[in-house]
Amino acid sequence: MAYEELEASMRERLGRECLYVPSCRLGLYVALRHWCPPGGRVLMSPVNDDVIFFVVLAAGLRPVQAPLDPHDGSIDPAAVPDELWPQLSAVLTTNLYGNPDPAPELAAKCGKLGIPLIEDAAHAIGSEAAGRKVGTFGQASVFSLSKHTAAKAGGFLAIADEGLREALAKTRDALLAPRRPGAELAYRARPYAEATVRGLRLAPAAWAVLRMLGQQEREDIRMPLRPGELRRAIESAPGLTPFHSWARVDMHDYRATPGRGRLARIQRKLGKLDAVLDAHRRGTGQLLATEWARPKPGPVQPLFRVPLLVEDRDAARAALARERITVGYLYDPPLDDYAGEAFTDPSPAPEAGRWFARHALPVDPLKAARTIEVLRAAGTRPARGGPAGV
């Protein structure tokens with residue numbers, strides 16, 4: 001398969017061996033199956049996409065929800081109880097919206113325990129931690145090309161040990177679904193269909209097109225859990241097939257064997273990534289200078305979304321929606337509240353995650369100036385206080 005050009009581009013960018021995958025979620029499944037024994041427990045963020053939660057379950061693993069830093073939703077290692085660490089089979093970072101998790105500290109902890117650190121860098125293809133690129137700290141990392149590049153498909157599984165490439169490629173290939181008739185035509189037509197309905201300012205039609213193309217299926221922030229079906233799926237884990245109805249949400253082609261046209265478009269998009277990252281960095285800087293931001297020290301990252309912390313998130317979303325500015329990538333409630341103890345170990349310190357999930361307004365930095373104007377005109381107030389007076 002003609003993945004070589006894409007893999008070479010990412011290998012040069014990251015300095016690690018890279019394996020092309022049709023989606024970040026499939027790459028994560030491959031990594032979890034390789035590095036984690038069935039029945040293992042994986043520390044992860046409760047403020048995360050529910051698709052990732054279902055991928056962890058599909059790999060035959062038990063999600064363990066981590067305490068978070070309320071400023072940016074990153075994992076707070078200091079708040080993880082000492083007795084929990086030896087029970088883990090892996091740690092999975094999120095790098096939410098591009099804000100880096102404390103990868104150096106987590107990598108050191110995982111190294112002492114002899115467990116893998118797996119980095120979900122879907123939002124963080126241009127972010128850095130301690131002067132190193134996100135995705136270069138763990139045994140494996142996964143990237144999405146549906147985010148910054150807007151390629152609507154594709155991703156990478158990056159690995160520290162290049163000797164594992166052949167085995168991982170075989171696992172990936174065994175999971176690929178045959179190309180569906182018309183799938184490539186639908187993929188090529190998708191950007192034009194979306195642009196047309198949005199250009200006409202037909203918001204309901206735009207959502208209908210996205211749903212038709214399998215790009216937007218949630219009626220609410222979280223998809224329905226369907227506990228009875230989920231219990232039966234878990235009994236069959238590990239395996240993607242029992243979890244397909246959850247894993248495919250908003251991306252029906254997540255396992256699809258790509259055609260030449262799709263790969264060519266992804267390559268063009270990837271070739272423009274540096275310019276896109278520069279634009280994201282500029283917009284991020286503007287947003288972090290506002291009254292709703294709580295920036296951490298350090299250089300400005302090219303965030304995929306900037307989580308402004310506002311008092312009334314629903315009112316802020318409504319004000320932006322009236323100006324045709326869509327706020328997506330919301331993860332509220334946290335996964336432990338969403339799934340319950342039947343399906344996950346709850347966070348030992350859940351309040352910071354709940355506070356962040358309730359107040360975070362993830363803003364597209366490419367729309368920074370207009371978003372700031374709308375929020376100020378609407379009288380949007382910064383979030384007050386926080387857990388333990390944060």
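A residue is called buried when its relative accessible area is under 20%. The model you are looking at is a predicted one. In this model Cys24 has a relative accessibility of 9%, so it counts as buried. Cys110 is buried too, with a relative accessible area of 2%.

How many disulfides does the count come to? A disulfide is a covalent bond between the sulfur atoms of two cysteines. Here the count comes to zero.

## Helices α2 and α5

Let us turn to the helix pairs. Helix α2 covers residues 24–35 and helix α5 covers residues 165–175; their axes come within 10 Å and cross at roughly 125°. The two helices are therefore oblique to each other, and their crossing is right-handed.

On the α2 side, the contact involves Leu26, Tyr29, Val30, His34 and Trp35, which meet Leu168, Thr171, Arg172 and Leu175 of α5. Sorted by class, the contact of α2 with α5 has six nonpolar, two polar and one charged residues.

## Helices α1 and α10

Next come helix α1 (residues 4–14) and helix α10 (residues 260–271), which pack at an angle of about 25° with their axes 10 Å apart. Angles under 35 degrees count as roughly parallel, so α1 is roughly parallel to α10. The crossing of α1 and α10 is left-handed.

Which residues of α1 and α10 meet? From α1 there are Glu5, Leu6, Ser9 and Arg13, and from α10 there are Leu263, Ile266, Gln267 and Leu270. By class, the contact of α1 with α10 has four nonpolar, two polar and two charged residues.

## Helices α11 and α15

Helix α15 spans residues 368–377 and packs against α11 at an angle of about 20°, with the axes 9 Å apart. The helices α11 and α15 are therefore roughly parallel to each other, with a right-handed crossing. Gly283, Gln286 and Leu287 of α11 make the contact with Ala368, Ala369 and Ile372 of α15. That contact of α11 with α15 divides into four nonpolar, two polar and no charged residues.

Now for the loops. Tyr97 is in the loop between β4 (90–93) and α4 (103–113). Its phi is near 65°, a positive value in a residue other than glycine. Is Tyr97 buried or exposed? Tyr97 has a relative accessible area of 2%, so it is buried.

Arg305 sits in the loop between α11 (273–288) and β10 (306–309). At 14% relative accessibility, Arg305 counts as buried. Setting aside neighbours within four places in sequence, Arg305 is in contact with Tyr97, Tyr329, Pro362, Val363, Asp364 and Pro365.

Asp250 is found in the loop between α9 and α10. Although Asp250 is not a glycine, its phi is positive, at about 70°. With a relative accessibility of 11%, Asp250 counts as buried.

Ala237 and Pro238 are joined by a cis bond with omega near 0°, and Pro238 lies in the loop between α8 (227–236) and α9 (244–247). The bond joining Asp332 and Pro333 is also cis, with omega about 10°. Pro333 belongs to the loop between α12 (313–322) and α13 (335–339).

Key:
Residues numbered from 1 in each chain as written. Predicted model: local features only at pLDDT ≥ 70, side-chain atom pairs only at ≥ 80, totals over all residues. Heavy atoms only, no water. Axes fitted to C-alpha atoms, helices over the stretch in contact; angles between N-to-C directions. Helix = DSSP H or I, 4+ residues; strand = E, 2+ residues; numbered from the N terminus. Parallel < 35°, antiparallel > 145°, perpendicular 65-115°, else oblique. Left-handed = near helix turned anticlockwise from the far one by under 90°. Contact = heavy atoms within 4.5 Å. Nonpolar A, V, L, I, M, F, W, Y, C, P; charged D, E, K, R; others polar. Buried < 20%, exposed > 50% of the residue type's maximum accessible area, 1.4 Å probe, protein only. Disulfide = S-S within 2.5 Å.
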